[in-house]
Amino acid sequence: MPGGRSRSPPPEQADVVVVGGGVVGWAVAYWLKALEGRPGAMRVLVVERDPTYSRASSVRAVGGIRQQFSLPENIRMSRFSASFLRTVNEHLGVPGEPPVDLQFNPSGYLFLASERGAAALERNVRLQRDEGARVALLSPARLKEKFPWVNVDGVALASYGLEDEGWFDPWALLGAFRRKAASLGVLSCVGEVKSFVMSSNVGLVATGQEQPVSRIRYVNVHAADSREYQPVSCAVVVNAAGAWAGELAQLAEPRLRLPLEPRKRFVYVWHCPDGPGLECPLLVDTSGVYFRRDGIGGNYLGGRSPAEEDEPDTSDLEVDYDFFQEKVWPELARRVPAFAALKVRSAWAGYYDYNAFDRSAVLGAHPGVENLFVAAGFSGRGLQQAPAAGRAVAELVLRGRFQSLDLSRFGPGRLAAGEPLAESAVV
Ligand SMILES: Cc1cc2nc3c(=O)[nH]c(=O)nc-3n(C[C@H](O)[C@H](O)[C@H](O)COP(=O)(O)OP(=O)(O)OC[C@H]3O[C@@H](n4cnc5c(N)ncnc54)[C@H](O)[C@@H]3O)c2cc1C
């Protein structure tokens with residue numbers, strides 16, 4: 001079966017159990033095998049409850065990758081990911097199998113800033129350039145010259161990524177990680193982790209207040225729609241449960257709530273024959289509305305994150321078309337006059353794997369469970385960060401520290417310490 005996925009029960013023992021078979025889980029599994037000291041020695045198991053990925057974020061993403069961030073760590077992760085994607089077949093190619101084709105579109109991101117946001121945009125671009133990214137700053141006049149279809153009213157400054165930015169096919173990256181990991185011997189199974197068997201009081205940890213640390217001994221993997229479950233004994237567990245990572249962590253340590261939760265986001269697809277055309281990058285407007293070209297037939301897709309008080313109900317993945325009419329379309333038509341005459345063709349909803357504390361990834365050892373590592377909370381950036389995040393978490397598991405990129409500021413410790421690490425360039 002693809003990715004070594006099997007309906008048979010999981011093994012009774014694994015060295016590392018990765019919970020969640022989205023792009024992050026498979027990236028961690030791949031890197032564990034790619035970096036293991038003695039090839040073939042380590043038993044890695046990926047547990048995924050839904051083999052159709054009907055609600056997983058990975059296959060509902062817009063597929064964007066950019067270098068334009070405000071945190072050095074995010075820039076570095078994306079720079080690594082861009083180089084990984086550029087040479088993807090060196091990493092994820094499997095001998096005898098067709099090459100990986102990510103359908104990469106190198107069209108760049110275009111951020112627009114109002115007078116109020118211009119200084120921050122300029123500061124971010126300075127940092128991005130210091131980190132090696134190629135980003136241009138455009139005055140409104142230069143912006144109009146380069147992209148004549150943009151209405152520059154209210155724009156004080158723009159930044160445009162010249163390299164390593166664009167979008168690619170999320171399914172292709174997920175499938176490639178899965179196929180390669182399976183070829184390296186990663187095991188996988190369909191099942192839901194609903195509980196853990198813990199041993200407690202193995203030590204004391206400082207998490208704002210002293211409290212006992214526990215340890216996962218068994219991961220209970222339940223078969224779908226059944227009471228049957230298989231306890232899998234393991235040394236290490238990686239929580240890569242995406243939007244459900246907070247819920248999963250709570251099963252292991254109910255006293256320490258991680259603020260990782262689903263937030264529903266809508267993506268609308270529209271047709272506009274007179275729209276920007278082939279030269280259309282992924283544009284992020286001063287209002288927060290974003291869009292990009294979708295193929296070459298005059299289609300576009302986009303949306304916006306709602307205000308905190310308008311966050312939609314997350315119990316289903318129904319699309320709110322009124323949100324487009326009221327909150328997205330007016331801004332689109334203001335920024336691109338041709339969009340006044342667009343026709344919505346389709347839409348979908350997906351869950352951002354959202355970190356409600358500071359909207360940044362949480363990567364590292366759980367403060368209250370000795371052998372649980374968290375790789376979640378990417379808040380809309382997990383697809384592009386998966387190659388770097390997977391490697392970082394594998395390094396932590398195998399070597400006890402970050403080696404290639406120092407991502408220690410993303411550690412869960414900051415949550416308990418109340419020290420946010422916020423990315424300002426969010427979409
Ligand atoms: C509309 C939208 C647009 C986006 N656009 C972009 C973009 O342009 N660029 C970008 O980089 N990112 C984007 N993202 C974000 C990106 O999709 C996510 O950050 C990323 O996919 C997270 O991957 P994941 O593997 O952690 O989560 P998922 O893909 O959700 O995988 C987690 C998996 O864990 C499984 N699971 C959960 N709990 C359990 C359990 N108890 N037992 C077993 N399995 C379990 C779930 O079934 C799921 O399949 C977007 C997201 C959305 C919703």
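The model is predicted, so local features need pLDDT of at least 70 and side-chain atom pairs count only at pLDDT 80 or more, while totals for chains, interfaces and linings use all residues. Residues are numbered from 1 along each chain as its sequence is written, and side-chain values use heavy atoms, with hydrogens and water left out.

The domain assignment, which is automatic or taken from a database, gives the two parts below.

| Domain | Residues |
|---|---|
| domain 1 | 1-105 + 164-259 + 356-427 |
| domain 2 | 109-163 + 263-352 |

The C-alpha centres of the two domains lie 29 Å apart, and 31 residues of domain 1 are in contact with 30 residues of domain 2, where contact means heavy atoms within 4.5 Å. Together the domains bury about 2600 Å², with 59% of this on carbon and sulfur atoms; buried area is the accessible area (1.4 Å probe) that two parts lose on being put together, summed over both. Q68, W167 and V427 supply 28% of the area that domain 1 buries against domain 2, more than any other three residues.

Across this interface the rule finds 1 salt bridge, that is, a side-chain nitrogen of Lys or Arg within 4 Å of a carboxyl oxygen of Asp or Glu.

In helix α7 (residues 245-252), a DSSP run of H or I with at least four residues, A245, G246, L248, A249 and A252 are buried, meaning under 20% relative accessible area with a 1.4 Å probe and protein chains only. Because these residues cover an arc of only 160° around the axis, they lie on the same side of α7, the arc being that of the directions from the helix axis to the C-beta atoms.

Methods
Buried means under 20% relative accessible area, exposed over 50%, partly exposed in between (1.4 Å probe, protein chains only). Helices (H or I, at least four residues) and strands (E, at least two) are DSSP runs, numbered from the N terminus.
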